Amino acid sequence: MKIELKNFRHAEFASEESHCYEATIWVDGERSFLARNEGQGRSDYYYPLTNSTEAHTAFNAVMEKVEAHCNSLPKYGSEFGGEDDIPMTLEILIGDLIDSTLSRKNLKRILKKKIVTLEHDEVWTYKYSGSERIVIDKIKEKSPNVTILNDLPFDDALEIFSNQ
């Protein structure tokens, strides 16, 4: 099952204990339901696309399928350590999609203005003026074992950036 966020809007200023967002959730290529959170630590809200009887029926059917899908996924581990013993839920799944979307957006923004490297298992950024290529060549000359994220395919750079 493929679950995607579309029409995603995030309000960083209002995100206190959880993401403050609104999104349309697509399931297997179909616009399925709306989701939002006010960013104050409460649970996500899910609701049908419209307020018709047919929309509510379709919403309930999709939610059952999504819940069954989440139950079939591996258990989730806490970011604070310990065993992977938290059952996967739609809220956790959407939270991961939000984190991924925000990481992609952040890395794209950084790569436009800075050179990003992986040095000694740490991500470093360098401001530059002039030619990006000249600065990258100088960094490689000084540290031949450094990984330049700007030179990698975006998805590979994102994986390195997100794991640090």
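Is His69 buried or exposed? In this predicted model, His69 has a relative accessibility of 17% and therefore counts as buried, since the limit for that class is under 20% relative accessible area. The residue belongs to helix H1, which spans residues 53-72. When residues up to four places away in sequence are set aside, His69 touches Met1 and Ile3.

Cys70 also deserves attention. Its relative accessibility is 2%, so Cys70 counts as buried. Cys20 is likewise assigned to the buried class, because its relative accessible area is 16% and the class covers values under 20%. As for covalent links between cysteines, the structure holds zero disulfides; a disulfide would require a pair of cysteine sulfur atoms within 2.5 Å.

A further feature is the packing of two helices, H2 (residues 90-113) and H4 (residues 154-162). Their axes come within 10 Å and cross at roughly 105°. Angles of 65 to 115 degrees count as roughly perpendicular, and H2 and H4 are therefore roughly perpendicular to each other. On the H2 side, the contact is made by Ser103, Arg104, Asn106, Leu107, Lys108, Ile110 and Leu111. Helix H4 contributes Phe154, Asp155, Ala157, Leu158, Phe161 and Ser162. Sorted by class, the contact of H2 with H4 comprises seven nonpolar, three polar and three charged residues.

Notes. Residues are numbered from 1 along each chain as its sequence is written. This is a predicted model: local features need pLDDT of at least 70, side-chain atom pairs count only at pLDDT 80 or more; totals for chains, interfaces and linings use all residues. Side-chain values use heavy atoms; hydrogens and water are left out. Axes are lines fitted to C-alpha atoms, for helices over the stretch in contact, and angles run from 0 to 180 degrees between N-to-C directions. Helices (H or I, at least four residues) and strands (E, at least two) are DSSP runs, numbered from the N terminus. Angles under 35 degrees count as roughly parallel, over 145 as roughly antiparallel, 65 to 115 as roughly perpendicular and the rest as oblique. Contact means heavy atoms within 4.5 Å. Ala, Val, Leu, Ile, Met, Phe, Trp, Tyr, Cys and Pro count as nonpolar, Asp, Glu, Lys and Arg as charged, and the others, Gly among them, as polar. Buried means under 20% relative accessible area, exposed over 50%, partly exposed in between (1.4 Å probe, protein chains only).
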